[in-house]
Amino acid sequence: MSHNIDPTPAARGGVTPHEDENSSAVTPELSEIIGEVRFGKMKLMPGLRVESAIDKQLVDGHVQVGPEGIEGDEHDYTFHGGPEKAIHAYYSGHYPLWQAEYPLAANRFIPGGFGENLVLSTLSERNVCIGDIYSVGPPGTSSTPGGIPSEHSPTSLLLQVSLPRQPCFKLNHRFQLKNFAPTTYKLSRTGWYFRVLRIGLVDKGYEIRLIERKHPRWTIERIQEYLHRQVGDIAMNEELSKIPELGTESRGVFLRRVEKQRIKERKERAKAAGGGDEKKDEKWRDYKIVEKKSETETGRIMSFVLEAVNPLKAEEVGQEAVDLDEGAHVKLKLPNGLVRAYSIAGGTDKNRFQLGVAYDKEAEEGAKKSRGGSRYLHLQAKVGDVIKVGAVTAGVPIVSAASNHVFVVGGIGITAFLALAEAYKKINYNFSLHYAVRSEKDVPFRERLMKLNQGCDGEETAKNMIIYDKSKGQRLDIAKIVDTLPWNSQLYFCGPKRMMDAALSITSEPKRQIGQKDVHFEAFEAEVGGDPFEAVVTNRVENKGEDGKEVPVVVSVGEEETLLEKLQERFGEEEVASSCCVGNCGTCVVRLVSGQVDHRGSALTKEETSSQMLSCVSRGIGRIAIEI
């Protein structure tokens with residue numbers, strides 16, 4: 001069931017963030033009686049191999065609160081817990097709204113549903129400000145407004161508002177609602193965290209009272225306005241980055257945005273001055289091969305570690321430009337003139353990363369497995385060689401809203417997903433990897449793969465990864481995997497064409513009800529040939545004819561040529577960017593103005609193909625018109 005919930009301030013139950021910015025949102029006399037106190041133990045979530053303490057139970061009697069929260073309350077420290085997330089509070093008035101908006105899940109929207117420690121009926125995201133300090137104690141004994149403790153409460157619990165909650169996929173699973181988590185911050189109904197300034201006791205019926213307000217302009221709701229909704233407001237990002245009481249998780253977001261903006265402005269000034277940072281934006285950079293080794297007993301798959309000759313520096317280009325995303329692609333311009341795209345199998349950052357390359361000497365002659373890049377790297381490239389490397393671009397999308405991630409891989413396709421699977425394991429996401437190989441001797445990155453099934457102590461604790469050995473008659477059954485998917489799963493496929501065709505056919509069957517966004521296809525080979533066609537580039541003109549009249553540029557694409565190749569040949573690689581060159585990433589997309597297209601690749605949805613095409617693999621039929 002889809003739900004169109006109005007995300008406006010009125011629907012959230014508050015005022016617009018720009019109203020009355022210079023005054024306190026509430027009276028300093030703000031206080032209430034705590035409705036419930038809850039704590040939880042880590043346990044497996046239903047249907048997953050992931051543990052969580054979101055299912056919190058009522059505390060019977062007063063309980064001690066230390067620097068990391070309520071005594072006995074456990075956390076998955078990947079995303080929750082720690083001094084800045086010691087206690088989670090939630091406004092109980094949100095639950096009736098959720099019940100009305102999601103009637104089929106109404107019985108799950110009850111106090112404690114969000115995994116909160118404190119259930120409150122007055123304090124909310126609309127009247128709680130970042131940095132607020134609250135005293136907690138029996139009614140009549142807590143500190144008075146202004147921060148002056150009463151004579152009865154020299155050791156009352158002191159809490160400070162530190163962060164808005166950043167919801168994760170566990171809320172989707174908890175309420176059995178796909179993609180529910182983003183709705184919570186769009187509506188500012190996430191709850192918030194306290195840090196503990198002074199340890200003490202808490203109990204149901206204790207009073208929580210505001211004693212100091214440092215930032216009256218910055219309610220939790222208003223912070224979320226700029227954290228999630230108006231992300232491009234430079235002045236607000238700057239202001240929020242300077243609030244010391246704002247926890248690292250959110251403050252870091254604003255600091256990175258400010259850094260990015262400053263670097264952008266510096267580049268623009270340098271460009272206007274006629275030089276400077278432009279040289280740092282060269283499309284092709286020199287990398288040295290610092291390691292080359294066989295990853296399999298058969299020698300069919302080799303790994304290469306590339307290191308930048310002149311490393312990118314975060315202080316010059318920004319941390320975002322240096323960080324390496326899992327599942328990224330990169331292009332190599334080899335000394336023999338070939339340009340080839342590869343998935344990055346791992347690395348520390350964009351200055352040093354690893355590739356895995358397959359080359360089958362025996363099969364090459366008849367099957368045309370290699371177009372030359374793999375052959376060159378296997379047979380000619382050596383440690384110490386310097387090769388040109390293009391921009392590192394995003395590849396596999398990270399679907400954080402899914403409860404479960406299922407990778408189905410064949411052969412060298414493991415390079416597309418290995419780093420992502422490792423990242424999911426590190427942050428305790430539920431995943432499984434089904435890996436088909438020719439034989440046990442043909443398994444690359446064996447040590448890294450085996451660690452996917454290991455716990456912190458090195459012992460095998462889970463079957464996250466299953467290998468299917470073709471030489472032993474073991475068969476990877478895509479239909480069975482798809483038909484036994486857990487609820488809210490994201491599928492990922494990468495392998496030889498035959499496997500990818502089968503995966504597309506099986507996941508497209510209406511009876512399985514798998515949406516386009518629920519599956520990602522990462523091809524490492526693509527069928528690009530076909531009948532010749534012409535493309536009219538309507539937003540690029542040239543002088544043609546005796547009268548010198550400008551007419552649109554027309555490019556002709558031959559049987560074994562791609563539209564991308566012809567566009568780059570005519571206009572240059574800067575005008576028509578590309579990355580994977582097999583239809584995975586969408587970097588090379590161009591606007592389709594008119595004409596019929598044989599759409600190939602997986603980067604576009606069915607709706608998007610009506611107005612766009614992937615120039616690296618898709619082909620026009622006859623004559624088409626495009627824009628670049």
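Tutor: Start with Arg195 and Glu84, whose side chains meet in a salt bridge at 3.8 Å, N to O; the term stands for a side-chain nitrogen of Lys or Arg within 4 Å of a carboxyl oxygen of Asp or Glu. This pair links distant parts of the chain, 111 residues apart: Arg195 is in strand β12 (residues 192–198), and Glu84 is in the loop between β7 (69–70) and β8 (87–91). Helices (H or I, at least four residues) and strands (E, at least two) are DSSP runs, numbered from the N terminus. The model is predicted: local features need pLDDT of at least 70, side-chain atom pairs count only at pLDDT 80 or more, and totals for chains, interfaces and linings use all residues. Residues are numbered from 1 along each chain as its sequence is written, and side-chain values use heavy atoms, with hydrogens and water left out.

Arg195 is buried at a relative accessible area of 13%, while Glu84 is partly exposed at 27%. Buried means under 20% relative accessible area, exposed over 50%, and partly exposed in between (1.4 Å probe, protein chains only).

A second salt bridge joins Arg189 and Glu101 at 2.8 Å, N to O. Arg189 lies in the loop between α4 (181–186) and β12, and Glu101 in helix α2 (residues 94–101), so the pair ties together parts 88 residues apart in sequence. Arg189 is buried, at 1%; Glu101 is partly exposed, at 21%.

Elsewhere, Asp483, Glu509, Lys511 and Arg512 are linked in a network of salt bridges. The count by this rule is 39 salt bridges.
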